[in-house]
Amino acid sequence: MSESKTTGPVPEEKTAEEEQPRSPREIRLVMVGLVVTMLLAMLDNLIVGTAMPTIVGDLGGAEHLSWVVTSYTLATAASTPIWGKLGDLYGRKGTFLTSIVIFLVGSALSGLSQNMNELIGFRALQGLGAGGLMVGVMSIMGALVPPRDRGKYQGMFAAVMALATIGGPLVGGFITDHLSWHWTFYINLPLGVIALAVVVVTLKLPKVHNKARIDYLGAILLTTGITSLVLITTWGGQQYDWGSKQILGLAALAAATLIAFCYVEQRVQEPMLPLSLFKNLNFTLVAVIGFIVGFVMFGATVFLPLYQQIVQGASATNSGLLLMPMMFGMLVVSLVVGQAVTKTGKYRIFPIIGTIVMTVGMVLLSTMGTTTSSFTSACWMVVLGAGMGFLIQITMLVAQNSVELKDMGVASSTATLFRTIGGSFGVALFGALFNNRVTDTMKERLGDHAAAGGGGMKDPGQMSPADLRKLPENIQDAYHHAVSNGMHTVFLWGAGVAVVAIAAAVFMREVPLRGAGAGKADKSAEASLEAAAV
């Protein structure tokens with residue numbers, strides 16, 4: 001390997017130290033800190049998603065519903081590559097702990113919110129910290145455990161996924177029904193203190209001193225481009241016509257900043273997001289798949305509880321329980337796939353199966369109506385969850401295996417970034433589609449006056465389940481149909497997007513996984529990696 005050609009941000013002595021074999025006991029201790037932090041990150045979205053209908057009913061401003069999630073995911077997306085680069089340049093432990101602290105501050109302030117604008121702002125601060133949580137967990141794990149051996153430790157992550165995905169909605173629903181929605185944010189604080197303590201004690205990484213400058217211009221351009229695109233999907237066709245000067249102006253801004261970003265990244269010494277990563281075919285394909293997984297997963301998590309509470313009459317607690325089939329399907333399949341990859345070293349078939357199953361799940365969910373039973377919707381959610389279970393771990397595994405070890409941090413942050421951006425776009429686009437469909441259906445059934453909130457009725461998008469039960473039966477029936485129609489539109493569009501992931505998975509190549517368990521195949525991994533680069 002030629003040292004003169006190495007331009008990565010990680011000094012050679014740091015890379016060598018991180019590549020030293022770790023004992024199983026040492027790795028297990030580190031994993032405790034990582035899974036506690038992952039639990040912190042995963043619980044938040046699941047708890048808040050279940051409580052959203054009640055939050056909207058209390059604070060009002062339902063037209064900004066999607067922004068409560070979008071502000072969080074947008075801040076996460078914008079900060080993710082920055083956290084990844086900071087970890088590579090100045091050490092992962094310090095940046096990891098800093099991100100946890102910022103996340104906790106944002107959680108506390110979100111719980112104190114008195115109106116929707118405050119909540120959106122504080123959720124953005126919370127998302128800023130969250131950007132460093134997942135990328136920190138994944139990059140640290142990637143540095144400590146070779147890809148071929150990673151399946152042995154995925155059980156720990158699968159366990160915390162089970163606790164978060166099954167317990168999160170349940171806890172969120174219980175808090176909403178019996179305490180206050182404010183506690184859906186406050187609950188992060190004790191868990192965060194535990195995470196901080198465990199990470200400080202167990203995580204031992206070498207200190208890094210690097211004088212390289214951060215690519216601030218690239219970070220600003222990328223953030224501006226992402227923000228412009230999300231605003232287009234949020235405002236287009238709702239607050240502004242698609243052909244309005246506002247939307248066209250945002251489109252021009254997004255195009256200009258992203259083109260400028262690509263120009264800058266090819267010329268700076270330490271690019272925020274090295275475009276050379278995308279010369280590797282597998283890395284590019286899993287980035288596309290990760291984007292679509294985030295698109296589908298965030299949309300389903302946000303809108304399914306609304307359907308269950310409004311149409312199926314579930315309480316906030318029960319709607320959390322009714323999400324369990326999707327999470328259970330994702331958990332079980334993820335565990336099985338992780339073990340299979342460790343034993344065989346083969347992974348290409350799993351993204352293909354997963355994208356097909358995920359698409360089928362979205363199509364099935366699009367068939368839900370006002371008479372769909374809870375059992376039927378649960379079956380469809382199992383299908384969707386199983387599809388995502390094939391993809392959640394594999395996309396990160398392939399991304400990390402597609403780059404050299406010195407690029408582990410930036411590969412992890414880039415893969416996380418695409419999934420987060422996908423979630424941001426999914427919630428924004430689904431929110432616009434859902435609101436438009438609900439409004440149109442209410443107009444068809446009740447007329448313009450009633451659908452706009454006349455006759456003492458709230459705007460359709462601002463009704464909580466409790467508000468709906470106080471209205472006349474004909475209005476309740478109209479709103480049930482409106483929400484069902486909105487769900488049909490959301491999931492049908494989601495299925496169309498998921499088809500793109502199938503195409504990406506088909507073109508993926510089987511590259512041997514690095515690691516002790518790979519045996520002789522590991523010796524040819526680097527050569528195969530170069531062959532996969534296009």
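Predicted model: local features only at pLDDT ≥ 70, side-chain atom pairs only at ≥ 80, totals over all residues.
Helix H2 gives the most to the lining of the largest cavity, with seven residues. Residues are numbered from 1 along each chain as its sequence is written, and side-chain values use heavy atoms, with hydrogens and water left out.

Back to the cavity. The structure holds six cavities of 30 Å³ or more; on a 1 Å grid over the protein atoms alone, a cavity is a set of points where a 1.4 Å probe fits but cannot get out, and lining residues have an atom within 4 Å of a point. About 670 Å³ of space lies in the largest cavity, a volume being the space filled by probe spheres set on the points, which are joined across faces, edges and corners. Of its 32 lining residues, Met42, Asn45, Met134, Met297 and Phe298 are the closest to the centre. Helices that each supply at least two residues of this lining include H2 (24-59), H5 (116-144), H11 (281-310) and H13.

Now take in the whole fold. The protein has 19 helices and zero strands; these are DSSP runs numbered from the N terminus, with helices (H or I) of at least four residues and strands (E) of at least two. Of its 534 residues, 60% are buried, where buried means under 20% relative accessible area, exposed over 50%, and partly exposed in between (1.4 Å probe, protein chains only).

Glu265 counts as buried because its relative accessibility is 4%. Leaving aside residues up to four places away in sequence, Glu265 touches Asp215, Gly218, Pro271, Met272, Leu273 and Leu275, a contact being heavy atoms within 4.5 Å.

Helix H13 (residues 324-344) holds Val332 and also Leu335. Val332 counts as partly exposed because its relative accessibility is 34%, and Leu335 counts as partly exposed because its value is 35%. Together with Phe328 and Val336, Val332 and Leu335 make a nonpolar surface patch of about 340 Å². Leu335 and Phe390 are 55 residues apart in sequence, yet 9.2 Å apart in space, C-alpha to C-alpha.Such patches join nonpolar side chains (Val, Leu, Ile, Met, Phe, Trp, Tyr) within 5 Å, or like charges within 9 Å, from residues with over 30% relative accessible area and no salt bridge (a Lys or Arg side-chain nitrogen within 4 Å of an Asp or Glu carboxyl oxygen); areas come from the Shrake-Rupley method with a 1.4 Å probe.

Terms used. 1 Å grid on protein atoms, 1.4 Å probe; cavity = no way out; pocket = protein on both sides within 12 Å on 5 of 7 lines; lining within 4 Å.
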